[in-house]
Amino acid sequence: MKFLGIIPARYASTRFPAKPLAMLGGKTVIQRVYEQVVSTLQDAVVATDDERIEAAVLAFGGKVVMTSPNHKSGTDRCYEALTKTPGDFDVVVNIQGDEPFIQPSQLQSIMDCFQDPETQIATLVKPFKPEDGLAALENVNSPKVVLNQRSQALYFSRSIIPFTRNRERQDWLAGHTYYKHIGLYAYRTEVLRQITSLPQSPLELAESLEQLRWLENGYVIKVGMTDVETIGIDTPQDLERAEAFLAGR
C-alpha cells in the first residue's frame, strides 16, 4: 500500500498564534514534526493556508501545498492537499502540525491497521494507567474511547466511558482499562473524499468531536495501540514543557 503523510498547519490559533513557526530546540515546530514524519513515511507534505509557513517549509527543504483558508477542520485541509499532490496513494495519514515528538512506532501502528481490509479509517489510543490519576481521566480535553473485540471504535467521548458501577470513582482506573484517544488519523483515500462531504452530525455537535460524524454515518474506525505519550503544542506553556523535554532527552 502507498501512504501519504499530510501535516495540516495553520498560522492562526486562538491560544497560540503562529505556533508552527515557534522555535523549539533551534528548529521550528513544523520542521520538527516534518522530520519525525519523513523518518517513517517516504511521502509527506505540509498543508497550509499561510505563505509564511510555506516559506519556512521550503527553507528547510520540505514539501508543502497551499490550501484554502476556509477549511473548518484538518480533515478537509488534508483532502484538498491530497488532490494537489502528484501520485496515486491508497491511504492518507493525517499528522497534527503541533506534534513535534510523534514517534515512528505510532505512525507504524496506524499504518498497520490497514492490513485489515475492513479498515476505512484508523486512529490510535493509549491505555490510561492507575498512576495517571483521576484528574487525567476526567480531563474533558482528553477524549476517551471504547472499543469492540475487533479493536474498532464504538464511541468517543469527553466524558469518562464506560461508567463503572458499584465501584468508588477513585478506584475506576484500578478496576477497568480506559483508553485515551491520540489525535492521529489515517483514511483510505476514497473514504477521505466521502467524509469531507458529510454534514456535521448531532453527536459531533454535542461533543465537539469530528470523528463522531464518521461513526454516526457508519464508517469503521480501526484502533491501534501505543504506549508512547507525546507532547502536543497548544499553548506557549506547552512549548516551554517541550523545550524542557528536549533538553532532558
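1. **What you are looking at.** This is a predicted model, in which local features need pLDDT of at least 70 and side-chain atom pairs count only at pLDDT 80 or more, while totals for chains, interfaces and linings use all residues. Residues are numbered from 1 along each chain as its sequence is written, and side-chain values use heavy atoms, with hydrogens and water left out.

2. **Overall build.** The C-alpha trace spans about 60 × 40 × 30 Å along its principal axes.

3. **Inside and contacts.** Of the 249 residues, 49% are buried, where buried means under 20% relative accessible area, exposed over 50% and partly exposed in between (1.4 Å probe, protein chains only). Among contacts with a separation of 6 or more, 68% join residues 24 or more positions apart; a contact means heavy atoms within 4.5 Å.

4. **A closer look at Ala81.** Ala81 sits in helix α3, which covers residues 74-83. Its relative accessibility is 0%, so Ala81 counts as buried. Leaving aside neighbours within four places in sequence, Ala81 is in contact with Ile6, Ala47, Val65 and Thr67. Thr48 is 33 residues from Ala81 in sequence, and their C-alpha atoms are 8.8 Å apart.

5. **Strand β6 and its partners.** Which way do the side chains of β6 point? In β6 (residues 91-94), Val91 and Val93 point one way and Val92 and Asn94 the other way, and all are buried. In a regular strand the side chains alternate between the two faces of the sheet. Strand β1 (residues 3-9) pairs with β6 in the parallel sense over four bridges, and Phe3 has Val91 of β6 as its bridge partner. Strand β10 (residues 179-188) pairs with β6 in the antiparallel sense, also over four bridges, and Asn94 has Tyr185 of β10 as its bridge partner. Two strands pair here if DSSP finds at least two bridges between them.

Methods. Helix = DSSP H or I, 4+ residues; strand = E, 2+ residues; numbered from the N terminus.
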